[in-house]
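Please examine the sequence and the three-dimensional structure shown below before reading the report.

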Amino acid sequence: SCVEGTLGDYGIIAFPRVHGVDDTAALAAYLQAEHQVDVVPGEYFGKPGHIRIGFGVPVETLREGLTRLEQGILAFRAR
């Protein structure tokens, strides 16, 4: 698994830990540039190694985004 966290009962935001990545600012820049995925790096919240993900979008958009997120994290870790 690339990320680990829990979802709250309400809301449209998740803040998972990204396995194998400490610099999530660099990850966020890479994801946006190479995989067209926007996340907010945990460094903005004093939590390096985490990302903020919003999921208040249509289901198909979410599926596509999560697929690209996973592919992007795997590619970033393999660099």
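The structure is a predicted model, in which local features need pLDDT of at least 70, side-chain atom pairs count only at pLDDT 80 or more, and totals for chains, interfaces and linings use all residues. Residues are numbered from 1 along each chain as its sequence is written, and side-chain values use heavy atoms, with hydrogens and water left out.

**Pockets**

Rolling a probe the size of a water molecule over the atoms shows where empty space is left. A pocket is an open set of points, on a 1 Å grid over the protein atoms alone, where a 1.4 Å probe fits and where protein lies on both sides within 12 Å along at least five of seven lines; its lining residues have an atom within 4 Å of a point. Grid points are joined across faces, edges and corners, and the volume is the space filled by probe spheres set on the points.

The largest pocket holds about 290 Å³ of space. It is lined by 15 residues, of which Val37, Asp38, Ile53, Gly54 and Gly65 are the closest to its centre. Strand 5 (51–54) and helix 2 (59–78) each supply at least two lining residues; helices (H or I, at least four residues) and strands (E, at least two) are DSSP runs numbered from the N terminus. Helix 2 gives the largest share of this lining, six residues. By type, the lining of the largest pocket comprises eight nonpolar, four polar and three charged residues. Here Ala, Val, Leu, Ile, Met, Phe, Trp, Tyr, Cys and Pro count as nonpolar, Asp, Glu, Lys and Arg as charged, and the others, Gly among them, as polar.

The second largest pocket has a volume of about 190 Å³. Its lining includes Val3, Glu4, Phe15, Pro16, Ile53 and Leu66. Strand 1 (3–4) and helix 2 are the elements that give two or more residues to this lining. Nine of the lining residues of the second largest pocket are nonpolar, two are polar and one is charged.

**Salt bridges**

Side chains of opposite charge can pair when their charged atoms come close. A salt bridge is a side-chain nitrogen of Lys or Arg within 4 Å of a carboxyl oxygen of Asp or Glu.

| Asp22 | Arg17 | 3.6 Å |

Relative accessible area describes exposure (buried is under 20%, exposed over 50%, partly exposed in between, with a 1.4 Å probe and protein chains only). Glu60 is exposed at 55%, and Arg63 is partly exposed at 48%. Arg68 is partly exposed at 25%, as is Glu64 at 42%.

**Nonpolar core**

In soluble globular proteins, nonpolar side chains tend to be buried together. A nonpolar core is a set of buried Ala, Val, Leu, Ile, Met, Phe, Trp, Tyr and Cys residues joined through side-chain atoms within 4.5 Å. The largest such core has 14 residues, and those with the most contacts inside it are Val18, Leu27, Leu31, Val39, Ile51, Leu69 and Ile73. Helix 1 (24–35), strand 5 and helix 2 each give two or more residues to this core, and helix 1 provides the largest share, four residues. Leu69 is in contact (heavy atoms within 4.5 Å) with Leu31, Val37, Val39, Ile51 and Ile53, not counting residues up to four places away in sequence.
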